[in-house]
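Dear colleague,

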Amino acid sequence: MFFRIHRRFRRRVSRRRPYIASGSAKLLNLASKAAALPTFAASGNVLYSIAIPAALCRIAGCYAGAHVALTRGSKFIRPMMIGVFIILMIKILWDLFA
């Protein structure tokens, strides 16, 4: 009984378009950041000497990452992500125990 219900639910969910949810989440994230920027800027809590270069580097990194993902595919991206994850975990453990 449970497996029949589960199978029906999976069929319904798989027919929906998951990219709509992803796009909606990104749009809401952008709206929240667009609302936060004037709020923090008006209170003087933005260090523009750090924020502008950080934003430019993030934009460049996003474009470069998207280009690499589209040209080289998941065979390159998956090991890269695992490597970055391992390096991040080593750094976190080093900071925790050192």
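Helix H3 (residues 48–72) and helix H4 (residues 74–97) pack at an angle of about 130°, and their axes are 7 Å apart; the axes are lines fitted to C-alpha atoms over the stretch in contact, and angles run from 0 to 180 degrees between N-to-C directions. H3 is therefore oblique to H4 (under 35 degrees counts as roughly parallel, over 145 as roughly antiparallel, 65 to 115 as roughly perpendicular and the rest as oblique).

In this contact (heavy atoms within 4.5 Å), H3 contributes Val68, Ala69 and Arg72, which meet Ser74, Lys75, Phe76 and Ile77 of H4. By class, these comprise 4 nonpolar, 1 polar and 2 charged residues.

Please note that this is a predicted model, in which local features need pLDDT of at least 70 and side-chain atom pairs count only at pLDDT 80 or more, while totals for chains, interfaces and linings use all residues. Residues are numbered from 1 along each chain as its sequence is written, and side-chain values use heavy atoms, with hydrogens and water left out.

H3 itself has 25 residues and spans 35 Å from its first C-alpha to its last, close to the 36 Å expected at 1.5 Å a residue. Gly73 follows H3 and has a positive phi, near 80°.

For the protein as a whole, the secondary structure amounts to 4 helices and 0 strands (DSSP runs of H or I, at least four residues, and of E, at least two). Of its 98 residues, 0% count as buried (under 20% relative accessible area, with a 1.4 Å probe and protein chains only).

Yours sincerely

Definitions and conventions: Buried < 20%, exposed > 50% of the residue type's maximum accessible area, 1.4 Å probe, protein only. Nonpolar A, V, L, I, M, F, W, Y, C, P; charged D, E, K, R; others polar. Expected span 1.5 Å × (residues − 1).
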